[in-house]
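Let me put it up and jot down what I look up.

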Amino acid sequence: MAGIVTPEERFGFQMGADRKLVRWADMLAYFQEVAAASDRVLYEQLGVATEGQPFVMLTISSPENLQNVEHFRAIQAMLADPRGVDQSEIDRLTEEGRAIVLITCSIHATEVGAVQMTPELVYELATRDDPEIRCILSETILLLVPSLNPDGMELVADWYAETLATPFEGSAPPTLYHTYTGHDNNRDWFMFTQVENRLAIEKIHNVWRPHIVFDQHQMMPDGPRYVLPPFIDPYDANVHPLLQQQVALVGQAMAADLTAAGKTGVATNIIFDAFSPSRAYQHYHGGVRILSEAASVKIATPIHLGESERKETRGFDPAVASWNHPEPWPGGDWRLRDIVEYNKISALALLNNAAAYRDRWVRNFAAISRDAVNADEPYAFVVPADQADPVTTAEMLQALEFGDVEIHESAASFIADGVEYPGGSRVVLTAQPYGPFARTMLDVQEYPDLRLFPGGPPKPPYDITAHSLPLQMGVEAVRVESSFEAQLSRVECVDLPQGQVTGDGPAFMLDPRVNASARAVNLLLAAGATVHRFTGVHPELGIETGAFIVEGLDRGDLEKVARETHVTLATVDRNQMKHALRRQDAPRIGMYRSYRPNAMDEGWTRFIFEQYNFDFSTLRNRDIRQGDLSDRFDVIVLAQQPAKDILEGNSPHDYPAEYAGGIGEIGAAKLRRFVEAGGTLIAIDSACELAIKYLYLPVTNVLEGLRTDEFYNPGSLMRLILDPRHPIAYGYEREASALFVNSPAFDVGSNGGSTQTIGRYPLSNQLIAGWMLGGEHVRGRAALVEIAVGSGQVILFGFRPQFRAQSRGTYRLLFNSLYMSATR
């Protein structure tokens, strides 16, 4: 087409050329030029990413389709919710509809091949006039997101340019390539905490309801060259059987086109399952989610692999031919250009399939939607009105609502499955368009016992094996099997509770069972309030042990904080509890941040601290080695990270001196002195090993050294028995659920008063949801421990209390640990 130059002419090099990357601003300028010159391409900025880069989508189709784009969106909406639409109308809409395809690229920013491919794909779709492209444009509407993580794309490009022609060329940046989540940004597709994912869901998925979502990734460099579906078992039971078949169909079609183009090393049906919704939003919204994984290079620097350097992984050998890997790659040079070509061929293969079978994709979408609105097992989930933490309850309902789940509210009490629920309870009926999403998020998961071979070690899941939101968030939700009568009305918008101040004061109470109370406390302390914690056990007073008692601010300031944090500040008589109050100051928090690439748990913890207005300082390796920590901090947090990574950090062979090394034994000794001088060290999950071994704690990890066929728990929700009298467990009942991901469990021995166990696993029924082998090894073992060291203490979390900003039911255990360091 006249006026549109090739990407090579525009940028001065071929896409995927060695050591060349197109920058985001240049790429967006090219897309805008193409859209201005072509009636096949629409360019739209949907918003901005976390750090300000434009978040963009291109819509590509025939001129006629683009002129009627609202009509096709309306067809999708009606087919997605066929209630009240007769079959003849559905048949007509199915005939008129187009196959809606969403291609998303490079959510993991070091996986640059997909985003670097997009200019060539756009150019070909905008300029070619052959039967193949004309059919694609006529029968499909392509929604193309060139980068799901544009901030990360620029960060990686900056680092690559900085290290080019140095010994460190091609290394991953020594930081997270998403501000908070790093590689976990594609595990946020049901909690929706991050800006980019919210834009994609709200502006694309929930608007267009695509039939096919194709997400292009990269993986380790020494396995197969390219991986496509069919996915391996298990599938989540809430993914419609027809979707499972369609995933297999289109995955094999793409693999066939790659093989026909002479591309070797293409494997299907390996490594990747479809159990977790964290990466597969569309599976619960009527469409398929296709994943590709290309073998990586060193960003844009080629690699060379000899035959013997290809490595077996998870039971798959890339050197062996099989039905799902018929032509192994023989080894040799592997370039970014190879990834670009594989990605473009697979994208066009997908579009060809969608175009050739447009009628089937649209018809099957309508059939899946019909089944969803007629579902009846279970009938509903009830979220009772009388929750201990109404704010977190509303947050859970908002996540469902953001996923297009319909929520109802009862006007009066009702009985379901023999249990009476109060008026105001929320009800999620499963017979609705996106009932599958509601079911997978509200139900309890049972993961199958899968082995690499009969009697052999466990077959690793690709992600965790339990994701139930009520269990993770500490919210009561009840599965109801049978239909019931209730006065229900649709909730148009789930609102957070309206914060308020009740009574005349001068002392006010904050409920310690509510996560948002922590945010209120932090804002109140910053505003100059005096805060105490109630340590007594006096249920007759109607005050929870651990309640925050607030004084010293005028009512206007209190009301402002209450409104902002959605909490209730209720008047209390301070004189009734004066002998059971301890002064609460704002904790001076230091949080260790490694230079290891993708130390994700620190990012998630930082995100949560910011959300709850905890003031903290970042500590780097040098800061800890320098010492003088007790002068500046009450508490230091080591987020989940292997002890070896904390101690040794990056190799000086791979990174400049500024980013090489860890805290070393000197830093570990400085942490020990910090605690001995009265400080608090909080170690989370695998970071506990450093605390145990370098602070010489009288604690052992009973799971250390066990083989996976002896004990295995790759991500499950466990039953935790707490001591609510301990300050760390203030605001909790005796039982909670905790997210365990290959975590430690502790034997505390007989250490007198130096060690207190706040949480332990029960003697039976430790597993609530997910998959665990060898549960006898954690029977009765400690999971949350406080150990006195000198004048200070170490707090060991043998689970993930803040996992991916999802496990909100255990947030307060971490928050209380922080507060305890500054309780006088």
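**Ground rules.** I'm working with a predicted model, where local features need pLDDT of at least 70, side-chain atom pairs count only at pLDDT 80 or more, and totals for chains, interfaces and linings use all residues. Residues are numbered from 1 along each chain as its sequence is written, and side-chain values use heavy atoms, with hydrogens and water left out.

**Two helices crossing.** I began with helix α10 (residues 241-260) and helix α12 (residues 358-373), whose axes come within 11 Å and cross at roughly 160°. That makes α10 roughly antiparallel to α12, a label for angles over 145 degrees. The axes are lines fitted to C-alpha atoms, for helices over the stretch in contact, with angles running from 0 to 180 degrees between N-to-C directions. Helices here are DSSP runs (H or I, at least four residues), strands are too (E, at least two), and both are numbered from the N terminus.

Which residues make the contact? I find Leu242, Leu243, Gln246 and Val250 on the α10 side, and Arg360, Trp361, Asn364 and Ile368 on the α12 side. Contact means heavy atoms within 4.5 Å. I sorted the residues of this contact into five nonpolar, two polar and one charged. For that sorting, Ala, Val, Leu, Ile, Met, Phe, Trp, Tyr, Cys and Pro are nonpolar, Asp, Glu, Lys and Arg are charged, and the others, Gly among them, are polar.

**A covered helix.** Next I looked up helix α14 (residues 435-442), and eight of its eight residues are buried. Buried means under 20% relative accessible area, exposed means over 50%, and partly exposed is in between (1.4 Å probe, protein chains only). Among the buried residues of α14 are Phe437, Arg439 and Met441. What do they pack against? The buried residues of α14 pack against α12, β13 (380-383), α13 (390-402), β17 (426-429) and α15 (469-473).

Thr392 is buried, with a relative accessible area of 1%. Leaving aside neighbours within four places in sequence, Thr392 touches Met473, Val475, Asn515 and Arg808.

**Rings.** How many aromatic pairs does a search of the whole structure find? I get 34. Rings of Phe, Tyr and Trp (its six-membered ring) pair if their centres lie within 6.5 Å, with planes under 30 degrees apart stacked, over 60 edge-to-face and the rest tilted. One of the pairs is Trp334 with Tyr342, which is edge-to-face at 5.4 Å centre to centre and 75° between the planes. Both of these residues, Trp334 and Tyr342, are buried. I also noted one aromatic cluster formed by Phe548, Phe609, Tyr612, Phe614, Phe616, Tyr811, Phe815 and Tyr819.

Where are the cis peptide bonds I wrote down? One joins Asp233 and Pro234, with omega about 5°, and Pro234 sits in strand β7 (residues 232-235). Another joins Gly505 and Pro506, with omega about 10°; Pro506 is in the loop between β20 (500-502) and β21 (508-510).

Then I checked for positive phi outside glycine. Ala165 has a phi of about 65°, and its place is the loop between α8 (150-163) and α9 (195-208). Is Ala165 buried or exposed? It counts as exposed, at 72% relative accessibility. Asn613 has a positive phi near 60° and lies in the loop between α18 (600-611) and β27 (616-619). At 32% relative accessibility, Asn613 counts as partly exposed.

Technical notes: Parallel < 35°, antiparallel > 145°, perpendicular 65-115°, else oblique.
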